[in-house]
Amino acid sequence: MATSEATGAPAPTAQSEGPDVPLLELRTISKSFGAVQALRGVDLSLDSGQVTALVGDNGAGKSVLIKTIAGIHAPDGGDILWKGGPVHIRSPKAAAALGIETVYQDLALCDNLDIVQNMFLGREVTRHGLLAEEDMELSARQTLTDLSVTTVRSIRQPVVSLSGGQRQAVAVARAVMWNSELVIMDEPTAALGVAQTAMVLALVRRLADRGLAVMMVSHNLNDVFAVADRIVVLRLGRMVAAGPASDFDPQTVVDYMTTGRSDRAPHPTDPGAVTTEGRAEGGEDD
Ligand SMILES: Nc1ncnc2c1ncn2[C@@H]1O[C@H](COP(=O)(O)OP(=O)(O)O)[C@@H](O)[C@H]1O
Ligand SMILES: [Mg+2]
């Protein structure tokens, strides 16, 4: 599949698939809930080593799209390809087995448990039937160090004692500890102040620099332009624009979010991008 977008060097952890095969590709994905068409023929591709910002107004379908990738919703139609091969992601467990981890907005951390317990929640390591506390501590500490999360006092402190940014970091660390290749984050900075937002955005950047694909849902266009390599815009269940972040400015993004089009900017040139009202023009090079 040819892309018109120069994607730069291949990600360091890229596997043996061809250089042009996206890590994840959605083709004409649709999903309805009764009369509500939440997703309408959505095309999307995500590459390793890149942060893709998913933006759109309330009700655009962002969460449904994430949950479709995460194995929570089964699409009604369309195809999902992982490293070029068709997959059916039937559960969050199946997503995790592929290497897809999702950090939801509420983070789903257990306040009364410590950092190690949270990072291994539901995936505890045991040895001779006992919890392998030292092994888990070691991996938890290593993961946090790898991610340059250095501000936590002790990995044995309960997460209730952490700041919002630290909690987000723990949730991200939990997601990347399992050989994940795609990390999806829903509004990672929504509840954070300025300094903590900067910390989390730096963390998002590091994940991509380590070769992971990152998809970040965000309402905050400052965050989007600070960290995203690519921007994709959903409106009323349709992908109305997709392209390199440098093809957009904040006003263009708002135009696409609110009207589905923009007269201001050069149209994003991604294959599969929809640059006019209506449906995708055939999607990828088929
Ligand atoms: N489980 C569900 N049942 C019925 N309708 C849903 C469900 N989830 C989402 N929707 C509808 O799908 C549309 C897209 O929702 P959502 O993906 O949550 O939007 P966003 O995250 O972009 O704000 C909305 O109209 C919403 O009401
Ligand atoms: Mg949502």
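In the predicted model, helix α5 lies across strands β6 and β9, and its direction makes an angle of about 170° with that of β6. Strand β6 is covered on both faces: Ile100 and Thr102 are buried on one side, and Glu101 and Val103 are buried on the other. Pairing between β6 and β9 is parallel and extends over four bridges. Within this pairing, Thr102 is placed opposite Ile184 of β9.

These two strands belong to an open sheet of six strands, ordered β6-β9-β10-β3-β11-β12, with mixed pairing. The edges are formed by β6 (100-103) and β12 (238-244), each of which pairs on one side only. From one strand to the next, the twist averages 15°. Helix α1 (residues 62-69) also packs on the sheet, where it touches β3, β6, β9 (182-186), β10 (213-217) and β11. The angle between the direction of α1 and that of β9 is about 150°. Elsewhere in the sheet, strand β3 (residues 51-55) pairs with strand β11 (residues 230-235) in the parallel sense, again through four bridges. Thr52 has Arg230 as its bridge partner in β11.

Helix α5, comprising residues 164-176, also packs against helix α6, comprising residues 194-209. The two axes are 9 Å apart and form an angle of about 15°. Because angles under 35 degrees count as roughly parallel, α5 is roughly parallel to α6. The crossing of α5 past α6 is right-handed. On the α5 side, the residues that meet α6 are Gly164, Gly165, Gln168, Ala169, Val172 and Val176. Their counterparts in α6 are Gln196, Met199, Val200, Leu203 and Leu207. Classified by residue type, the contact between α5 and α6 contains seven nonpolar and four polar residues, with no charged residues.

Ala74 counts as exposed because it has 12 C-beta neighbours inside 10 Å, and a residue is classed as exposed at 12 or fewer. Ala74 and Ser30 are 44 residues apart along the chain, and the separation of their C-alpha atoms is 9.5 Å. The exposed state of Ala74 contrasts with the buried state of Ile100, Glu101, Thr102 and Val103 in β6.

Conventions
Residues numbered from 1 in each chain as written. Chains lettered and ligands numbered in written order. Predicted model: local features only at pLDDT ≥ 70, side-chain atom pairs only at ≥ 80, totals over all residues. Axes fitted to C-alpha atoms, helices over the stretch in contact; angles between N-to-C directions. Parallel < 35°, antiparallel > 145°, perpendicular 65-115°, else oblique. Left-handed = near helix turned anticlockwise from the far one by under 90°. Contact = placed C-beta atoms within 7 Å. Nonpolar A, V, L, I, M, F, W, Y, C, P; charged D, E, K, R; others polar. Pairing = 2+ DSSP bridges. Buried ≥ 20, exposed ≤ 12 C-beta atoms within 10 Å, placed from the backbone.
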